[in-house]
Amino acid sequence: MPNLVIIGSGIVGLCIAREAKKKDTFDNVTIIDKEIYPGFHSTSRNSGVIHAGFYYSPDSTKAKFCSEGNSLMREYVLNNSLSYKASGKVVVSKNDKEDKIIEILGKRAVKNNCKVRVLESKLIKNYEPKAKTNNLFLWSPNTWSASPKEVLNCLVNEICEYGVKICLGRKVVGTKNKSVILDNGDEIKFDFLVNASGGYALPISKLFGIKTSYKILPFKGLYLKSKNKNDVFKTHIYPVPDINQPFLGVHTTLTSDNYLKLGPTAIPAFSPENYKIFDNLDIKLTPDILFLQSSLFINNNFRFRDLALREFRYLFKENIVKSAQEITNFNLKDIDFDWYSPGIRAQLYDLKKQNLENDLIIEFKDSTIHILNSISPAWTCAFKTAQFILNYLNEI
Ligand SMILES: Cc1cc2nc3c(=O)[nH]c(=O)nc-3n(C[C@H](O)[C@H](O)[C@H](O)COP(=O)(O)OP(=O)(O)OC[C@H]3O[C@@H](n4cnc5c(N)ncnc54)[C@H](O)[C@@H]3O)c2cc1C
């Protein structure tokens with residue numbers, strides 16, 4: 001039987017390794033990660049929301065994967081007795097224009113096979129008495145939350161029992177014939193390779209000859225987390241998003257252990273791992289990112305300048321609170337918040353279409369597969385993405 005090498009020990013890499021072992025298609029499955037802990041980046045720095053899948057355009061891969069991914073993630077959490085919050089979520093509107101978007105989201109939900117209801121504002125008190133809305137709101141019962149770290153640890157233990165080798169603290173820096181070259185000069189041979197390296201998937205795909213019109217455009221998601229457990233909110237509250245952009249706006253979420261989080265923001269960042277102002281700048285990527293950001297700022301493509309000016313305000317705690325205050329009638333100033341570990345969405349920008357790429361992109365070349373633009377809801381979709389990749393690998 002052939003061997004499979006996976007670059008990246010985030011949720012996507014781990015789920016693919018698990019699926020490969022469950023299907024018993026490969027003799028050896030090896031995961032390589034540059035960090036000394038698995039899932040150190042987006043996978044352990046996200047909101048932990050198991051999305052239902054109604055936001056996405058019905059022809060997108062996200063729409064195709066999310067509803068089933070939601071069921072598979074909820075099943076995994078329940079079967080492994082991990083913590084979760086089956087809170088559901090409401091999406092609330094501020095005006096008549098946003099009511100229309102709620103109706104569009106309701107229609108998308110039907111096409112994307114998600115269970116939601118579009119309801120009149122007088123009913124909101126039955127779902128979330130602390131939410132405020134215009135005429136309509138959307139109720140999504142299957143939007144749960146789980147603990148990304150518990151899911152990660154459970155997956156790591158499971159795949160280690162299956163015999164998957166996880167090689168940590170080793171960075172993939174090149175490729176030669178059917179081997180990857182590591183930063184210590186070692187070479188690891190592969191018959192099949194999956195590049196699930198999250199924010200670095202684009203530059204790594206280039207090592208394998210993948211050509212695209214994409215550039216990396218990272219955004220930093222800052223959060224505030226309540227110091228004390230929540231005894232106010234029943235559900236997550238989200239504003240109506242700009243449906244042409246991948247960001248959902250500052251929202252309130254409940255963690256699986258019942259703390260309240262506000263955020264995340266979408267502040268332009270300077271590398272895929274640039275958590276603090278000058279953290280992890282990347283000598284190869286940062287100059288390119290700065291150049292792209294400057295040009296988008298000047299030309300205001302996809303309203304980047306408006307977004308950047310709005311988002312930089314969120315460097316101050318009170319502006320995040322103020323923004324979340326627009327969707328709730330509870331005075332958030334009565335809750336004490338601390339900053340919580342940020343995450344980075346290493347979004348792709350399409351130079352040809354001059355727009356942000358909103359979808360998950362999967363590129364295939366010879367015996368290699370590259371998972372690009374692994375942005376939200378890729379955590380929710382991970383078990384479904386793994387099934388898709390394994391079906392493909394079984395067919396070639
Ligand atoms: C702020 C924020 C909030 C989010 N909220 C949600 C949410 O609520 N629900 C949801 O479904 N999704 C959410 N997401 C999205 C989700 O977290 C990510 O889509 C998902 O974690 C991506 O997983 P991944 O395995 O593809 O990448 P990652 O978790 O980033 O893993 C990639 C791995 O590759 C490794 N790597 C990179 N380069 C190399 C190299 N050269 N050699 C070896 N290893 C390498 C990295 O060290 C890393 O461990 C959110 C994301 C962010 C940033």
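**Entry 1: ground rules**

I count residues from 1 along each chain as its sequence is written, and I use heavy atoms for side-chain values, leaving out hydrogens and water. As this is a predicted model, local features need pLDDT of at least 70 and side-chain atom pairs count only at pLDDT 80 or more, while totals for chains, interfaces and linings use all residues.

I started with how the protein is divided.

**Entry 2: what crosses the interface**

I looked for salt bridges here. The term stands for a side-chain nitrogen of Lys or Arg within 4 Å of a carboxyl oxygen of Asp or Glu. A friendly reminder to myself: side chains of opposite charge can pair when their charged atoms come close.

The rule finds one salt bridge across the interface of domain 1 and domain 2. I also noted the salt bridge of Lys34 with Glu273, whose closest N and O atoms are 2.7 Å apart.

I then counted polar contacts (pairs of N or O atoms within 3.5 Å; within protein, one must be able to donate a hydrogen and the other to accept it, and residues adjacent in sequence count only if both atoms are side-chain atoms). Between the domains there are nine residue pairs of this kind, both residues at pLDDT 80 or more.

**Entry 3: salt bridges elsewhere**

My search of the whole structure gave 13 salt bridges. For locations I used helices (H or I, at least four residues) and strands (E, at least two), which are DSSP runs numbered from the N terminus. For accessibility, buried means under 20% relative accessible area, exposed over 50%, and partly exposed in between (1.4 Å probe, protein chains only).

Lys23 pairs with Glu19 at 3.0 Å between the closest N and O atoms. Why are they about one helical turn apart? Because they are four residues apart in helix H1 (residues 11-23). Lys23 is partly exposed at 37%, whereas Glu19 is buried at 8%.

Glu68 and Lys384 meet in a salt bridge at 3.5 Å, N to O. Glu68 lies in helix H2 and Lys384 in helix H10, so this pair ties together parts that are 316 residues apart in sequence. Glu68 is partly exposed at 38%, and Lys384 is buried at 15%.

**Entry 4: Asn373**

I found Asn373 in the loop between strand S22 (368-372) and helix H10 (378-395). Is Asn373 buried or exposed? Asn373 counts as buried because its relative accessibility is 2%.

The side chain of Asn373 reaches the backbone nitrogen of Leu348 at 2.8 Å, and a polar atom of that side chain lies 2.8 Å from the backbone oxygen of Asp359. Phi of Asn373 is near 60°, a positive value in a residue other than glycine.

**Entry 5: other backbone spots**

Most residues other than glycine have a negative phi, and most peptide bonds are trans. Ser81 is not a glycine, yet has a positive phi of about 50°. Ser81 sits in the loop between helix H2 (61-79) and strand S4 (84-85), and counts as exposed at 66%.

I also noted two cis peptide bonds: Gly263 to Pro264, with omega near -10°, and Ser376 to Pro377, with omega near 10°. Pro264 is in the loop between strand S17 (260-263) and strand S18 (267-268), while Pro377 is in the loop between S22 and H10.
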